[in-house]
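Dear colleague,

My notes on it follow directly after.

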Amino acid sequence: MTPRATYRFQFHREFTFADAEALVPYLDQLGISHLYASPITVARAGSTHGYDVIDPTRINPELGGEDGFRRLVAALRARDMGMIIDIVPNHMGVAGGGNAWWNDVLANGEASDYARFFDIDWRHRLVLPVLGDPLSQALANDDLALEGDEIVAYGEHRFPIRAEDRAEAATLDIADLLDRQHYRLASWRVANDELNWRRFFTVNDLAGVRIEDPLVFEATHALYFRLHDEGLIDGVRVDHVDGLTDPIGYCLKLRERLGPDAYLVIEKILGVGEPQPTGWGTDGTSGYDFMEQVSTLIHDPAGEPGLGALWDRISGRGDFFAPEEFAARQDLLAWQFSGQLDGCVAAFAALAASAPEGDGLTAAMLRRAIERMLWVFPVYRTYGDGAAAPERDARTRALVREQVADLIPPGEAPVIDLVLAWLAGDGPGDRALAAEAVRRFQQLSAPIAAKAVEDTAFYRYGRLLSRNDVGFDAETLGVPIDEFHDEMATRAREVPRAMLTTATHDHKRGEDMRARLAVLSQIPDRWAERVEDWMTTASDHDVDPADRYMLLQTLVGVWPAEGASADFAERVIAWQQKALREGKLRSSWEAPDEAYEQACAELVHALLADRGFTADLEAFLAEIAAAAEANSLVQVALRYTLPGVPDLYQGTELADLSLVDPDNRRPVDYARRQALLDDGGDAKLALIVALLALRRARPGLFADGSYEPATVAGAAGERILAFTRRAGDETLDVAVLLRGTALPGEGAAISFASGRQLDGDEAFSDGTVWFTANR
């Protein structure tokens, strides 16, 4: 059953199924059709997000267990509502000793029944990078001890020993006992270079799962299929589908097992120009691409030169994003993925050795080719299997060949072409070796894209922070309305049931924070004048100008309408520390520069204590408040009227000025929201309720309606987006005013495909959103 509208809850032991059950009447009153749950299976004890699953066969008792889940679903069904759950096929949590499958692998090695579940290179002992020092130093410090049948590190990390060692373990030297195990304890610092099992991105606590193995697929999905067959869930959202060996094959298999009526969306980041995942058996993506499309619409492309010049003047790092991404890709490939790169190169070297065409190709040549391709790879990954590749990959390979041309060492272009041929399934050599090499490349390109762009370059580049978010193209500030129309027509044609979201548990900045900062694209000169004064105010502190500038943008975006609360400074400092460490320029997670971080924190405190600064900040926010609210309401209107299934992330029915996690996962004040829902008084909430009521009254119009751009005549046409949704004899006409709160005076005439004629001055006389539905 396709949802009419979803509401995302983040479950953990402080917010359980019982808490959600109590809120079902509230969700129904809002107009929600389906609760959309974060992962519900057993995760590491105390997990705040649920993506570190340790047992996918059971519902997490910390959340209320299966009984609690059934009660929640019963409450939903009583109101004709449904349930969508988030599932995590790519990886499992392996830290903390709670994963029985992983523990069995540690104890029994390759002979374990679960060895095939994890993506492990068994040519060497399993490397466990859990020590704070090299093993020799940890032994000298007596950091390791034997307790029963386990080796314990630092009194908390526990590792089972082999069954054949248990009888005599107490008589053995701890170093000798370790030498006998199927695993090797090592310093955390060796993980990037020596890890011999696939992890999720750079997280050593999350091990990749071989979901392509039919036995593993069935074992890890049995619970989901049972819940669906019993009518307890209506569909799933698949986490990080691009981490899998064969995402398309997985999705098709999942669709086959769940049936045609289940709602099935995937977390997939689309690169610039990358097509929607059609033909995969899914209803589309979980919405990051929509979040990007709406963001580019509310940003004014005319502000790009001024904002770019300002960033370059302040930071000295250039005005464009592409050089930052390129440098970050080089850094991450060399720093954090060298071991995975080694494995990828070795796989291609073995493949090359299996074919006459590979004669004379050295591993070093292949390394140079693979590195350079990954430096410029325009999407997360391709989808070949070594023997063939889908048509969608041809565009990616062509772009890579074009962009890598100037980076190829003299005489080595044929090496690039051969690797591209293997990715296409056209290369020579052994098919099994080709499948392995292509798999390794594709499971390397995806984390490089994620970590280099979203978790590095986005924290280095600060032209306008509202354009640095998951799935965004930070090189682009804004797009013309005609381009947005084309994107929505494609959405209506190809993925009319994909999820539409503007806020998630992973966003870098809340939807209304981005909407507020987007106003700066309309007034680059005024912003430059204001912020350069503030930069001078902050210049007494030994903080890099780029970091100062990004802090000032953050304060503009996150400052609450009611003023700073007691925990405001701590929230900003927590964001700042994460930003500095993710950026890896002045600090990092591996080697924190605590003195510099302290200097940055002191700047936060100094600015917040400066009454002149805070008064000036609030005055500036008052100047842009109307335009910021207009952007927020436009986002809401489009999320609930464009083709797709709108999602509402927990709490964002009111202003969402959150920062990156964990700030965007703070507890939600539902009592306040219920009171406002009952009494009115909040414009954003009121618009959500009105549009959800319309979706409830006209489900067919929103589920099956066409998307037809309206014609807008007049000088203000470049600032009005208008369209018609049509299904049978039902129509919905929508118009929104972009990048401002009033027409410039020339007016506009809007002609809808429904036949309605509308005067722009009339439509926007008391707001920036206009809509009407007719039968």
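**Aromatic pairs**

Phe 225 is buried, because its relative accessible area is 5% (buried means under 20%, exposed over 50%, partly exposed in between, with a 1.4 Å probe and protein chains only). Phe 217 also counts as buried, at 0% relative accessibility. The rings of Phe 217 and Phe 225 form a tilted pair, 5.8 Å centre to centre with 45° between the planes. Rings of Phe, Tyr and Trp (its six-membered ring) pair if their centres lie within 6.5 Å; planes under 30 degrees apart count as stacked, over 60 as edge-to-face and the rest as tilted. Trp 559 and Phe 568 form an edge-to-face pair, 5.3 Å centre to centre with 80° between the planes; both residues are buried.

This is a predicted model, in which local features need pLDDT of at least 70 and side-chain atom pairs count only at pLDDT 80 or more, while totals for chains, interfaces and linings use all residues. Residues are numbered from 1 along each chain as its sequence is written, and side-chain values use heavy atoms, leaving out hydrogens and water.

**Helix packing**

Helix 20 (residues 524-537) and helix 24 (residues 611-641) pack at about 170°, their axes 11 Å apart (axes are lines fitted to C-alpha atoms over the stretch in contact, with angles from 0 to 180 degrees between N-to-C directions; helices are DSSP runs of H or I, at least four residues, numbered from the N terminus). The two helices are therefore roughly antiparallel (over 145 degrees).

Technical notes:
Parallel < 35°, antiparallel > 145°, perpendicular 65-115°, else oblique.
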